[in-house]
Amino acid sequence: MLGNFTYSNPTKLYFGKDALDSLSAELENYGKNVMLVYGGGSIKKNGIYQKVVKILKACGKNIVEDGGVMPNPTAEKLYEGAEIARTHNVDLILAVGGGSVCDYSKAVSVSAYCKEDPWDKYFIRFEDVSCDIIPVGCVLTMVGTGSEMNGGSVITNHKQKLKIGHVFGDNVFPKFSILNPEFTYTLPKYQMTAGIYDIMSHILEQYFSGTDDNTSDYIAEGLLRSLIVSARAAVKNPEDYEARSNIMWTATWALNTLIAKGKTTDWEVHMLGQAVGAYTDATHGMTLSAVSMPYYRHIMPYGLEKFARYAVNVWNVNPDGKTKKEVAEEGLIAMESWMKEIGLVMNISDLGATEDMLEGIASATFINEGGYKILDKNEVTEILKESL
Ligand code: NZQ
Ligand code: ZN
């Protein structure tokens, strides 16, 4: 049964090959000072930077640049960005990049005028925003996180060895996001497949929870089926527009709050993956793929009905003459072979994790309560050992 909920999503999306043409009209809604946020330079190599700067200049904007946002943006970088935004009286933060750039921009938007330490306030104490917020717009170049249409922002604190996400409310969602699938063609294959698994994980985190019958789970199954097909096509031909556009759209719907409505969710794979990320600084999607199979095999007996349904509805397992357990296991085998086929990392040791880190990673793993089994610390360590 669906629980009670309120649904709204304030982000306006422009999707397709001409999506960037809408930027000028959007810019009219904001003042002169635009903070242009980007990552390590991919947008300069593929020409997206030049296109965006040309539009900003044609619209008469003052550009305040903040480049060098690293994958898994750090608290130190956040302090710097907040200072830049405040001292330049920024009217709009324009994030041009992937999830890291979008997440960072949202964090800066709520930190520029924050009177307290934003890391402590938002990422340790999970408090609401109580200061002015600078609006954010995104031009997406990497697909996976859903950051383009949600309030999520994940920041890493290397000193404290913590990687933590805060899910902000509607007022922090990007005001608009520009999604041109062609902008993702230059992504290295490693990043593309990591993003694909991030999408799958987002859907599964919301799917593998609860025993009720609800619309959200049927939507999730449809998204998963599309993703599995498009991932195979994109791996074969990264410039397959049909596949890349389907993946981009699936990513947005996987984590724009829709499929979580009215149901419980898990998010334990992300808790494990983020703790691995805090120790290794590895690519987000790969931290998730590396812990997933040991986690799902561990919790499968506690959520057998759902795992069997997943096997049949998503992986086309034929249930005839088989026990629920056999069907569920076959589903996980099909998932694992698809993961290997598209080139995902299946072990945390391949991401730089070593045995002596396991205790620290286990203590940095938050334990959620929405999944089929609430893990204890020993189980977390066991799953991490199996993931090594
Ligand atoms: O920095 P540049 O030079 O731009 O290179 C990036 C980066 O190295 C590169 N890249 C991006 N677009 C490209 C490109 N290279 C060539 N061509 C392009 N078109 O890809 C690399 C990875 O980019 P990044 O933004 O770090 O990846 P992603 O989008 O996966 O974002 C990861 C961050 O998002 C957080 C993760 O934890 C991680 O910190 N997440 C955010 C979520 C949210 N907001 O809701 C939820 C997710 O679960 C996730 O936790
Ligand atoms: Zn994720």
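Predicted model: local features only at pLDDT ≥ 70, side-chain atom pairs only at ≥ 80, totals over all residues.
Which residues does Asn33 touch, not counting those up to four places away in sequence? The partners are Asn62, His88, Asn89, Val90, Asp91 and Leu92, where a contact means heavy atoms within 4.5 Å. Residues are numbered from 1 along each chain as its sequence is written, chains are lettered from A and ligands numbered from 1 in the order in which they are written, and side-chain values use heavy atoms, leaving out hydrogens and water.

Back to Asn33, which sits in strand β2 (residues 33–38); strands (E, at least two residues) and helices (H or I, at least four) are DSSP runs numbered from the N terminus. Asn33 counts as buried because its relative accessibility is 16%, the cut-offs being under 20% relative accessible area for buried, over 50% for exposed and partly exposed in between (1.4 Å probe, protein chains only). A polar atom of the Asn33 side chain lies 3.3 Å from the backbone oxygen of His88.

Next comes ligand 1. Of the 30 residues around ligand 1, the ones that come nearest are Gly40, Ser42, Gly99, Ser100 and Asp103; a residue counts as near if one of its heavy atoms lies within 4 Å.

The largest cavity has a volume of about 70 Å³, volume being the space filled by probe spheres set on the points. Its lining includes Val143, Thr184 and Arg244, and α7 (189–207) and α9 (241–254) each supply at least two of the lining residues.

Finally, Lys373 is found in the loop between α14 (358–364) and α15 (377–387). Lys373 is partly exposed, because its relative accessible area is 22%. Leaving aside residues up to four places away in sequence, Lys373 touches Ile299, Tyr302 and Glu379. The side chains of Lys373 and Glu379 make a polar contact at 3.1 Å, that is, a pair of N or O atoms within 3.5 Å, where within protein one must be able to donate a hydrogen and the other to accept it, and residues adjacent in sequence count only if both atoms are side-chain atoms.

How values were computed
1 Å grid on protein atoms, 1.4 Å probe; cavity = no way out; pocket = protein on both sides within 12 Å on 5 of 7 lines; lining within 4 Å.
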